[in-house]
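Please look at the sequence and the fold together. The paragraphs below go through them step by step, from the contact between the chains to the sheets.

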Amino acid sequence: MTKKIFIGSDVDGLEFKNHIKAFLYQKGYSVNDLTENIKADFVTSSNLVAKAVLKHGGQGILIDEYGMGSFMVANRHKGIICAALSDEHSARMTREHNNTSIITLGSGVVGKRIAEQIVMRFVTSDYAGGRHQIRIDMLNKLC
Amino acid sequence: MIISIGCDHIVTEIKDHVKQYLIDLGHSVIDVGTYDKIRTHYPIYGKLAAERVATKEADVGIIFCGTAIGITVAASKIKGVRAAVVKDVQTAKYAKKTLNANVIGMGGRVCGIGLIEHIIDEFLNAHYQETEENKKLIQQIDEMVKEDYSQDKGFFDEYLARWEQGDYKDES
């Protein structure tokens, strides 16, 4: 599959990130791990993934203990719409309605089976466009 | 406390319920809308509610849309705001204690009223606990937004004009 998926985590999310990465490989996706060899905090990991998505397109996945620090940082990038997720319904809706390019998962919040379901919905759902685009244009005019 | 609240048209009744809940708890509420079920756009209300917090007119903001994500993304792009999407009590407490979150978003089609009220109770009772590490992370988050859009009352007008012209039609 050609879809570009960038992944990153802080130190707290490292083991969880490796699980998600292995899961995506198993499903046939190639994953670019941007924090493979560094001990990052969530500011660093989120900046790396947000910049990669802005430059290369594709989708990003960020992991820290609660997913909230990464959410705050990723959304500070103009043109990035980042969703913090812990359930499958929000995963599907945010891709379809919000044209989300990055998701965050909290390694201390969501279990691995649910996280796998969230990730699959995120990478397989498509943005619906149409009336939703006005909201995306509005978000993208903000930072 | 003074609390700004906002929502999109999907969950107006939930915002209205929370408004009364907060008033009953003794808080003052600034309700930035929306006020009815007529189709509108969540970034308008996420921005308005967050800006009331950024300008210190409100102490915290509480916002709602279907999943919380759209409206909370809008809030998180406002200078001076640290907004969290929450659907459990522990995350809300963490967001306040560690990241000094000043806005929380909840999904009216994801969370029930019992959970929403519980999250609000514990979020409002939590306190930021500063450490050197938290302080540095928060400073880095804050410095990422330079622009202040709060005085631009027609910030979204170009898109609303295009909406009126029918530029944003769903494919049938």
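Axes here are lines fitted to C-alpha atoms, for helices over the stretch in contact, and angles run from 0 to 180 degrees between N-to-C directions. Helices (H or I, at least four residues) and strands (E, at least two) are DSSP runs, numbered from the N terminus. This is a predicted model, in which local features need pLDDT of at least 70, side-chain atom pairs count only at pLDDT 80 or more, and totals for chains, interfaces and linings use all residues. Residues are numbered from 1 along each chain as its sequence is written, while chains are lettered from A and ligands numbered from 1 in the order in which they are written.

With these terms, take helix α4 (residues 88–98) of chain A and α3(B): their axes come within 10 Å and cross at roughly 65 degrees. Two residues are in contact if their C-beta atoms, placed from the backbone, lie within 7 Å. On that basis α4(A) contributes A:Ser90, A:Thr94, A:His97 and A:Asn98, and α3(B) contributes B:Ile69, B:Gly70 and B:Val73. Sorted by class, this contact of α4(A) with α3(B) holds two nonpolar, five polar and no charged residues. In this sorting Ala, Val, Leu, Ile, Met, Phe, Trp, Tyr, Cys and Pro count as nonpolar, Asp, Glu, Lys and Arg as charged, and the others, Gly among them, as polar.

Now consider the contact between the chains as a whole. Chain B gives 35 residues to it and chain A gives 34 residues. On the side of chain B that touches chain A, at least two residues each come from α2 (42–54), α3 (69–76), β4 (83–85), α4 (89–99), α6 (132–143) and α7 (157–164) of chain B. The largest share of that side, five residues, belongs to α3(B). Its residues divide into 19 nonpolar, eight polar and eight charged.

Within chain B, α3(B) also packs against α2(B), at an angle of about 45 degrees and with the axes 8 Å apart. α2(B) and α3(B) are therefore oblique to each other (angles under 35 degrees count as roughly parallel, over 145 as roughly antiparallel, 65 to 115 as roughly perpendicular and the rest as oblique). Residues in the contact of α2(B) with α3(B) include B:Tyr42 and B:Pro43 of α2(B), and B:Ala74 and B:Ala75 of α3(B). By class, this contact has eight nonpolar residues, three polar and one charged.

Next comes the sheet of chain B. Two strands pair if DSSP finds at least two bridges between them. Five strands of chain B form an open sheet in the order β2-β1-β3-β5-β4, with parallel pairing. β2 and β4 of chain B stand at the edges, each with a single partner strand, so one side of each has no neighbour in the sheet. Strand β1 (residues 2–7) and strand β2 (residues 28–31) of chain B are parallel and joined by four bridges; B:Ile2 has B:Ser28 as its bridge partner in β2(B). Strand β3 (residues 60–65) of chain B pairs with strand β5 (residues 103–107) of chain B in the parallel sense over five bridges.

Chain A also has five strands in an open sheet, in the order β2-β1-β3-β5-β4, with parallel pairing. Its edge strands are β2 (31–33) and β4 (82–84) of chain A, each pairing on one side only. Strand β1 (residues 5–9) of chain A pairs with β2(A) in the parallel sense over three bridges, and A:Phe6 stands opposite A:Asn32 in β2(A).
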